Amino acid sequence: MKIYFAGSIRGGRKDAKQYALIIEILKKYGQVLTEHIGDHKISKLGEKGIDEKKIFKRDLKYLQMANVLVAEVTTPSLGVGYEIGLAELKLKKILCLYCEQKNNKLSIMVVGNPNIMIEKYKTIAEVEKICDSFFRNIKK
Ligand code: 6IA
């Protein structure tokens, strides 16, 4: 099982620690192709001198290789939204994890989409249960 994990970078890094915890859970179910998303050293502005075209191309290749996309969507991110749309077009299974926020509602383009499984969570223990059920169902 190859897993593409998506999480905000330029959209903001406030949930980066959460991404790292989720990636650790996902590793129980397969190979996480995008482990770098949980790296706390990656800042919102990214690094100087990075080749953006190369990163884009590599991410598209990983998305193509992946069996599933798991996105943490609490912090809104253009890139994550784009990856969700592409994964849908490529008929990948999609799980969106959302930590409910008082002042920040999830986009209707995600909430209203029947091809996306959206799961709300409050604790990392809940994410473990959600992932367990998601991966059990896709193996059926
Ligand atoms: O619009 P955002 O930057 O929030 O989009 C985040 C999403 O786009 C993530 O799910 C990634 O898959 C992808 N993405 C955006 N920026 C990068 C990136 N930056 N590296 C890898 N994937 C990215 C460079 C980091 C640098 C330290 C090498």
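Trainee: Quick one to start: is Phe135 buried or exposed?

Mentor: Phe135 is buried, with a relative accessible area of 2%. Here buried means under 20% relative accessible area, exposed means over 50%, and partly exposed is in between (1.4 Å probe, protein chains only).

Trainee: Okay, and what should I know about the model itself?

Mentor: This is a predicted model, where local features need pLDDT of at least 70 and side-chain atom pairs count only at pLDDT 80 or more, while totals for chains, interfaces and linings use all residues. Residues are numbered from 1 along each chain as its sequence is written, and side-chain values use heavy atoms, with hydrogens and water left out.

Trainee: Back to Phe135. Which residue forms an aromatic pair with Phe135 that is edge-to-face?

Mentor: By the ring rule, the count is four aromatic pairs. One of them joins Phe134 and Phe135 edge-to-face, at 5.1 Å centre to centre with 85° between the planes. The rule pairs rings of Phe, Tyr and Trp (its six-membered ring) if their centres lie within 6.5 Å; planes under 30 degrees apart are stacked, over 60 edge-to-face, and the rest tilted.

Trainee: What about Phe134, buried or exposed?

Mentor: Phe134 is buried, at a relative accessible area of 5%.

Trainee: Let's zoom out. How many helices and strands are there?

Mentor: The protein has five helices and five strands. From the N terminus on, the elements run β-α-β-α-β-α-β-α-β-α. They are DSSP runs numbered from the N terminus: helices are H or I with at least four residues, strands are E with at least two.

Trainee: And what is the radius of gyration?

Mentor: The radius of gyration is 14 Å, close to the 14 Å that the globule rule gives for 140 residues, so the protein is as compact as a globular protein of that length. The radius is taken over C-alpha atoms, and the rule is 2.2 Å times the number of residues to the power 0.38. Along the principal axes, the C-alpha trace spans about 45 × 35 × 30 Å.

Trainee: How much of the protein do buried residues make up?

Mentor: Buried residues make up 39% of the 140 residues. Among contacts (heavy atoms within 4.5 Å) with a separation of 6 or more, 68% come from residues 24 or more positions apart.

Trainee: Switching to charges: how many salt bridges does the count come to?

Mentor: The count comes to eight salt bridges, each being a side-chain nitrogen of Lys or Arg within 4 Å of a carboxyl oxygen of Asp or Glu. Glu24, Lys27 and Glu35 are linked in a network of them. Lys27 meets Glu24 at 3.0 Å, N to O, and Lys27 meets Glu35 at 3.0 Å, N to O.

Trainee: How accessible is Lys27?

Mentor: Lys27 is partly exposed, with a relative accessible area of 36%. Glu24 is partly exposed at 46%, and Glu35 is partly exposed at 41%.

Trainee: What separates Asp132 and Arg136 in helix H5?

Mentor: About one helical turn, because Asp132 and Arg136 are four residues apart in helix H5 (residues 124-139). They form a salt bridge, with the closest N and O atoms 3.2 Å apart. Asp132 is partly exposed at 32% relative accessibility, while Arg136 counts as exposed at 52%.
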